[in-house]
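I opened this entry to look up charged pairs and helix packing. My notes follow the structure.

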Amino acid sequence: MRYSIFGLMRQALRGHRDWTPAWRDAVPKKNYDVVVVGGGGHGLATAYYLAKVHGITNVAVLEKGWIGSGNAGRNTTIIRSNYLLPGNLPFYELSMQLWEGLEQDLNYNAMVSQRGVLNLYHSDAQRDAYARRGNAMRMHGVDAELLDAQAVKRMAPFLDFDNGRFPIRGGLLQRRGGTARHDAVVWGYARAASLRGVDIIQNCEVTGFIEQAGRVVGVVTTRGEIKASKVGLAVAGNTSRLANLAGLRLPIESHVLQAFVSEAIKPCIPGVVTFGAGHFYISQSDKGGLVFGGDPDGYNSYAQRGNLPMFEEVCESAMALMPSLGRLRVLRSWGGVMDMSMDGSPIIDFTPRPGLYLNAGWCYGGFKATPASGWCFAHLLARDEAHEVAREYRLDRFATGHLIDEKGQGAQPNLH
Ligand SMILES: Cc1cc2nc3c(=O)[nH]c(=O)nc-3n(C[C@H](O)[C@H](O)[C@H](O)COP(=O)(O)OP(=O)(O)OC[C@H]3O[C@@H](n4cnc5c(N)ncnc54)[C@H](O)[C@@H]3O)c2cc1C
């Protein structure tokens with residue numbers, strides 16, 4: 001069933017009785033060409049591009065809960081490509097270009113909204129760092145504008161420009177950045193992959209790997225054994241746990257990141273705004289709620305919930321940036337488990353186990369990467385070679401020292 005305005009009108013006239021399920025709830029087969037573990041955005045995008053770009057349709061996506069129940073359905077939906085380092089910029093720009101055509105490609109309304117991402121600066125040194133980042137972006141053909149305080153004031157008059165400690169001096173704006181509706185992205189990829197023959201299998205946890213002569217040839221699941229020529233891991237916060245089952249110890253730690261949403265108010269925040277003197281970012285959803293977040297909790301955890309001290313810290317930053325927020329009520333908060341790599345950049349690579357491939361290390365920036373991650377992981381799985389924009393996302397860079405430390409924080413994952 002193709003979605004269109006005419007289809008919607010037809011269904012409306014028939015009382016919406018004839019909609020078909022968006023994707024098939026498949027029963028696992030005994031054998032697949034590729035099994036992708038993890039039904040988040042990355043796993044589903046990988047399956048979709050395997051089918052669409054490489055013609056490999058004998059593919060299963062195995063999800064231990066329901067698709068989108070992990071970070072894909074818990075993030076704050078920000079998409080952007082305002083990166084600095086050559087290892088990252090072309091990858092995230094490919095992602096942005098895929099976002100720009102995603103809804104037409106998937107025939108699904110993912111509510112991609114290029115409402116702009118504005119990173120504020122509060123000192124001369126920070127302005128210079130943003131000027132450098134903006135120049136790097138423009139040299140790679142990515143849009144970037146350095147704004148002074150007056151220009152920021154015209155866009156966002158509600159900010160506290162004269163804050164005694166953190167006066168706002170300007171910002172780096174990427175107009176093509178913005179937001180997309182996270183769960184619609186999951187559903188859109190699932191539907192499009194399923195239409196091309198991919199099996200989406202929910203409530204199917206991978207609990208082990210089947211090996212033959214040192215090669216991974218399948219997975220053990222709660223719904224039986226499933227053989228596969230290739231197995232791809234895209235399990236985000238569960239990566240270290242699952243890789244452990246295959247005898248691998250990865251340079252990844254799991255940390256919780258929380259997000260918060262306020263009661264709905266009239267439209268006031270035009271795009272995404274990030275505070276430059278603390279870790280705080282905010283945008284407004286189409287329903288009117290203000291969506292915001294900050295740093296990850298500082299300890300390792302696999303629990304999908306956070307703690308109150310971090311909530312307090314996020315609110316302190318919020319008040320320093322936008323004191324009017326103090327009168328709003330917070331409706332909900334939640335947490336997701338992130339796969340923090342040691343340099344803050346992802347891994348899309350082979351593993352030392354033949355037959356087992358890895359997509360991980362997304363930290364708290366993996367939603368924006370969803371299309372390019374799927375595109376590049378599918379390329380690796382189909383052709384056994386890295387895609388050109390993902391060549392530096394190698395697993396062995398932590399041994400060889402070729403780190404992609406975008407933030408310059410060193411090997412302390414919770415700071416990336
Ligand atoms: C609060 C929060 C805010 C964020 N905000 C942003 C943002 O604004 N912008 C941005 O770019 N990124 C953001 N992120 C990061 C982003 O959400 C993640 O990097 C990204 O979603 C990870 O990829 P995924 O969608 O495939 O992961 P997930 O959705 O977590 O998918 C992994 C899936 O694997 C499944 N799984 C795990 N173990 C097994 C198993 N053994 N067997 C079968 N299935 C298994 C899980 O159930 C899960 O569904 C945020 C994250 C959080 C938590």
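**Salt bridges**

I counted 17 salt bridges, taking a salt bridge as a side-chain nitrogen of Lys or Arg within 4 Å of a carboxyl oxygen of Asp or Glu. The model is predicted, so I note its limits: local features need pLDDT of at least 70, side-chain atom pairs count only at pLDDT 80 or more, and totals for chains, interfaces and linings use all residues. Residues are numbered from 1 along each chain as its sequence is written, and side-chain values use heavy atoms, with hydrogens and water left out.

I looked up Asp-105 next. Its side chain meets that of Lys-52 in a salt bridge, 2.9 Å from N to O. Asp-105 lies in helix α3 (residues 89-106) and Lys-52 in helix α2 (residues 41-54), so the pair ties together parts 53 residues apart in sequence. Helices here are DSSP runs of H or I with at least four residues, strands are runs of E with at least two, and both are numbered from the N terminus. Asp-105 is partly exposed, at 30% relative accessible area. Lys-52 is partly exposed too, at 35%. My cut-offs: buried is under 20% relative accessible area, exposed is over 50%, and partly exposed is in between, with a 1.4 Å probe and protein chains only.

Then I checked Glu-100. It forms a salt bridge with Arg-176, and the closest N and O atoms are 2.9 Å apart. Glu-100 lies in helix α3 and Arg-176 in the loop between β6 (170-174) and β7 (178-179), so this pair ties together parts 76 residues apart in sequence. Glu-100 is partly exposed at 35%, whereas Arg-176 is buried at 18%.

I also noted Arg-127 and Asp-128, whose side chains meet in a salt bridge of 3.1 Å, N to O. Arg-127 is partly exposed at 30%, and Asp-128 is partly exposed at 44%. Shared partners join Glu-93, Glu-100, Asp-143 and Arg-176 into one network of salt bridges.

**α2 against α6**

How do α2 and α6 pack? I found an angle of about 30 degrees and axes 9 Å apart, with helix α6 covering residues 182-195. Axes are lines fitted to C-alpha atoms, for helices over the stretch in contact, and angles run from 0 to 180 degrees between N-to-C directions. The two helices are therefore roughly parallel. Under 35 degrees counts as roughly parallel, over 145 as roughly antiparallel, 65 to 115 as roughly perpendicular, and the rest as oblique. The crossing of α2 and α6 is left-handed, meaning the near helix is turned anticlockwise from the far one by less than a right angle; clockwise would be right-handed.

I listed the contacts (heavy atoms within 4.5 Å). From α2, Gly-41, Leu-44, Ala-45, Tyr-48 and Tyr-49 meet Val-186, Tyr-189, Ala-190, Ala-192 and Ala-193 in α6.

**α2 against α9**

I turned to α9. α2 packs against α9 at about 55 degrees, with axes 7 Å apart. That makes α2 oblique to α9. Their crossing is right-handed. Residues of α2 in this contact include His-42, Leu-50 and His-54, and those of α9 include Trp-375, Phe-377 and His-379.

Is His-379 buried or exposed? It is buried, at 10% relative accessibility. His-379 lies in helix α9 (residues 370-383). Leaving aside neighbours within four places in sequence, I find His-379 in contact with His-54, Asp-384, Glu-385, Ala-386 and His-387.
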